Structure formats: C-alpha cells, structure tokens
Amino acid sequence: MPLIAVLPGDGIGPEVTREARRVLEALDLGLSFEEAPVGGAGYLASGHPLPDDTLALAKRADAVLFGAIGDPRFEKLERHLRPEAALLGIRKALGLFANLRPATLFPGLEDASPLKPEVVNGLDIVIVRELIGDIYFGEKGHRTTSEGLRQGYDVMSYDEQEVTRIARVGFEMAKRRRKKLCSVDKANVLETSQLWRDVVTAMGAEYPEVELTHMYVDNAAMQLVRAPATFDVIVTGNLFGDILSDQASMCAGSIGMLPSASLAAWSGANGMYEPIHGSAPDIAGQGKANPSAAILSAAMLLRHSLRDEASAQRIEKAVAAALAKGARTADLGGTLSTAAMGDAVLLELQ
C-alpha cells in the first residue's frame with residue numbers, strides 16, 4: 001500500500017491540501033496517508049520548521065503531498081528557524097534537484113489571463129527548474145568591506161554534473177512532448193551560465209529529435225509575455241526558474257492553478273508535490289483559496305511517483321470539466337469556496 005506523506009504547512013496550505021487528499025481518496029487506489037507538521041506549524045510543534053519526525057516521514061513515504069509554508073509571525077526568527085527553511089531542508093535531504101512546473105491555460109480561462117486571448121491561447125509549457133543548487137544554496141553571509149561598509153553576498157555556482165542531470169530531465173520531458181527545449185541562462189555576463197550553456201549544448205547531440213534553443217533570461221521573460229504559447233519545455237537554473245515559473249503562472253490566469261513536482265530522478269521516486277502558490281496568510285481560514293493547483297499536484301504525484309497515468313488524467317480531466325462548467329474561486333472571478341471547488345472537481349471525477 002503506497003504511503004503518502006501529507007505536509008499541509010501554514011496559511012491556506014491545510015485548506016488546499018485537504019481538497020487534494022479528498023480527490024485522491026475518491027479514486028480508491030488503496031493509498032495510505034500520514035500527516036505531519038511543517039513550516040510555522042512545525043516550529044510551533046517542536047521548535048523547528050522541519051521536525052525530525054516530519055523529515056523521517058518524508059523519507060519513508062512513497063511521495064510527499066505538500067501544502068504551503070510561510071507565516072509572518074516568524075519573520076524575525078533566525079533564518080534557519082523560519083518556516084521557509086523547511087522547504088529547502090526537505091529538498092536537500094531528499095535530493096530533489098528537478099522541479100517540474102507546468103503552466104497550462106485551461107479552456108474557459110482565457111479572460112482570467114492578463115494577456116490577450118490571441119496571445120495566450122494554446123499555452124501549454126513545462127518549466128524544468130534546477131532546485132538544490134545555484135545562488136540559493138551557495139556560500140552566503142555578511143562581511144565588512146575595506147571601506148567599512150556592510151556587505152551581503154550570495155555565491156552562484158553550478159558544476160557540470162549538476163547541469164547534466166537537470167538538462168537530461170529537460171530533454172527527456174521535451175522528447176515526450178512537442179520536442180522543443182529552450183535552455184535559459186545569462187551566458188553573456190555570467191561564467192556560471194556559460195558553463196550551463198556549454199554542457200546543455202553538448203548533451204543536445206544525444207537528443208537529435210529535440211530542437212534545442214538557448215535564450216537569455218531577460219529575453220525569456222519578455223517572450224513569456226509576447227508569445228508564451230511558442231514555448232514547449234524550458235530548462236533553467238534555480239534563481240531564473242523561480243522567477244520565470246511565477247511569471248508563467250499569471251499567463252495561465254492565476255497562480256492558484258499551477259501545480260509542481262520536485263523529483264530526485266527522472267523516475268520520480270519519493271518526489272514532493274505542491275502548488276506553487278504561497279501560504280497567503282491574508283486569506284487563510286476563510287475558505288477563499290483555489291485548491292486546483294493542489295489537486296493538479298496530486299495528479300502529478302500519481303503520474304511521476306506512482307506511475308499511474310490513467311488516474312492522473314482522470315484528475316486533470318475532472319478539473320478541466322469543472323472549469324468548463326463555470327466552477328470558479330475568487331482568484332478566477334468566481335464565488336466558490338475552497339471546499340465547493342473541491343466538490344465541483346469530485347463531481348466530474350470519472
């Protein structure tokens with residue numbers, strides 16, 4: 001019986017995760033679930049955002065269903081005790097180096113996108129983001145310059161092995177889709193990016209069926225607004241991927257619609273699945289949050305970790321059908337509560 005670790009986290013995390021779990025349970029796949037605190041909830045429970053028992057559960061589970069973390073009450077804590085430290089800790093402990101962030105415009109949501117319908121129609125992209133390297137995990141700190149000024153620093157670096165493994169995920173994903181891979185970097189000014197481009201270019205010879213292009217990150221940001229539907233798969237580093245994936249979410253109409261998967265290998269074993277939105281403390285507990293991203297993350301869990309493509313498609317089709325019939329939460333201009341949106345998806349589950 002596959003074990004799913006459920007880590008609801010903070011803010012709207014418990015609300016949206018609850019709906020995703022309801023959908024998984026409705027499929028009657030023989031899954032077992034075990035819940036544990038993380039983030040601010042973890043700190044309140046044990047004095048640390050990633051309690052030992054929570055990490056142990058994540059390690060032994062077949063997959064992790066994650067909600068959201070972040071709570072303004074803990075912003076003044078030391079950085080390693082803030083809720084966000086839990087997310088970085090799980091990624092590092094499980095070796096989750098590949099983040100898959102699909103951005104799809106569901107039929108009927110054209111008006112929810114800030115872009116014109118003729119620009120955004122056909123949007124169906126996946127951003128493959130390297131997750132445990134780059135500037136977020138590099139050497140960092142504060143020091144005093146020779147002039148006596150305070151200076152903060154964060155070191156960006158990648159070695160060729162780190163680039164090779166994430167590039168392979170990008171190529172494999174593109175091979176299974178429309179066979180177009182765009183590698184995003186800043187090779188015109190960053191040595192880290194020059195290495196990235198060299199390694200990705202060399203790997204392209206192994207995938208002659210995939211059309212490989214390179215794009216500077218500033219141009220990629222512009223093209224995501226000008227012609228987002230021309231992209232298929234984008235592979236990029238941690239910092240650039242963080243920014244571009246949030247931008248892509250607005251092309252799709254709402255950040256409440258975008259799921260993600262974080263994997264330790266292309267096989268997806270022991271992956272973590274979460275909506276890309278934050279904890280939204282301003283609406284927490286009000287039943288206003290859109291659970292669609294969490295529900296679609298559950299579909300990715302079935303696809304990548306449990307190898308159940310049929311059940312994953314059942315969930316995705318149910319979300320699409322609910323939207324097609326007008327189911328909308330506040331972020332999409334509707335009035336449905338979080339639970340009511342979950343009910344609408346369950347009603348369409350075939």
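## The enclosed cavity

In this predicted model, helix α7, which spans residues 191-203, provides the largest share of the lining of the largest cavity, namely three residues. Strand β8, covering residues 180-185, is named together with α7 as an element that supplies at least two residues of this lining. The residues around the cavity are Asp134, Met156, Tyr158, Val184, Asp185, Thr192, Ser193, Trp196, Gly237 and Phe240, and they divide into five nonpolar, three polar and two charged.

The volume of this cavity is about 70 Å³, and a search of the whole structure finds one cavity of 30 Å³ or more.

## The sheet and its edges

Strand β8, which contributes to the cavity lining, also belongs to an open sheet of ten strands, whose order is β2-β1-β3-β12-β11-β4-β5-β10-β8-β9 and whose pairing is mixed. The edges are held by β2 (32-35) and β9 (211-216), and because each of these has a single partner strand, one side of each is left without a neighbour in the sheet. From one strand to the next, the twist averages 20°.

Within this sheet, β8 pairs with β10 (residues 233-236) in the parallel sense, over four bridges, and Ser183 stands opposite Val235 in β10.

## Helices against the sheet

Helix α1, made of residues 13-26, packs on the sheet and touches β1 (3-9), β2, β3 (63-68) and β12 (272-275), while its direction makes about 145° with that of β3. Helix α8, made of residues 217-226, lies across β5 (124-130), β8 and β9, and runs at about 105° to β9.

## Gly67 in strand β3

Gly67 has its place in strand β3, a strand that helix α1 touches. Its relative accessibility is 0%, and Gly67 therefore counts as buried, the cut-off for that term being under 20%.

Leaving aside residues up to four places away in sequence, Gly67 touches Leu7, Pro8, Gly13, Thr17, Glu274 and Pro275. Gly67 and Ala20 are 47 residues apart in sequence, and their C-alpha atoms are 9.6 Å apart in space.

## The largest pocket

The largest pocket has a volume of about 900 Å³ and a lining of 34 residues, of which Glu84, Ala85, Leu88, Arg91 and Tyr136 lie nearest its centre. Two or more lining residues come from each of β3, α4 (84-94), β6 (140-144), β7 (150-154), α9 (238-251) and β12.

Among these elements, α4 gives the most to the lining, with seven residues. By residue class, the lining of the largest pocket divides into 14 nonpolar, nine polar and eleven charged residues.

## The second largest pocket

For the second largest pocket the volume is about 510 Å³, and of the 19 residues that line this pocket, Pro102, Thr104, Arg177, Arg303 and Glu316 are the closest to its centre. The elements giving two or more residues to its lining are β4 (98-104), β5, α6 (160-176) and α10 (292-304).

The largest share of this lining, four residues, comes from α10. The residues that line the second largest pocket divide into twelve nonpolar, two polar and five charged.

Note on methods: Residues are numbered from 1 along each chain as its sequence is written. This is a predicted model: local features need pLDDT of at least 70, side-chain atom pairs count only at pLDDT 80 or more; totals for chains, interfaces and linings use all residues. Side-chain values use heavy atoms; hydrogens and water are left out. On a 1 Å grid over the protein atoms alone, a cavity is a set of points where a 1.4 Å probe fits but cannot get out, and a pocket is an open set with protein on both sides within 12 Å along at least five of seven lines; lining residues have an atom within 4 Å of a point. Grid points are joined across faces, edges and corners, and a volume is the space filled by probe spheres set on the points. Ala, Val, Leu, Ile, Met, Phe, Trp, Tyr, Cys and Pro count as nonpolar, Asp, Glu, Lys and Arg as charged, and the others, Gly among them, as polar. Two strands pair if DSSP finds at least two bridges between them. Axes are lines fitted to C-alpha atoms, for helices over the stretch in contact, and angles run from 0 to 180 degrees between N-to-C directions. Contact means heavy atoms within 4.5 Å. Buried means under 20% relative accessible area, exposed over 50%, partly exposed in between (1.4 Å probe, protein chains only).
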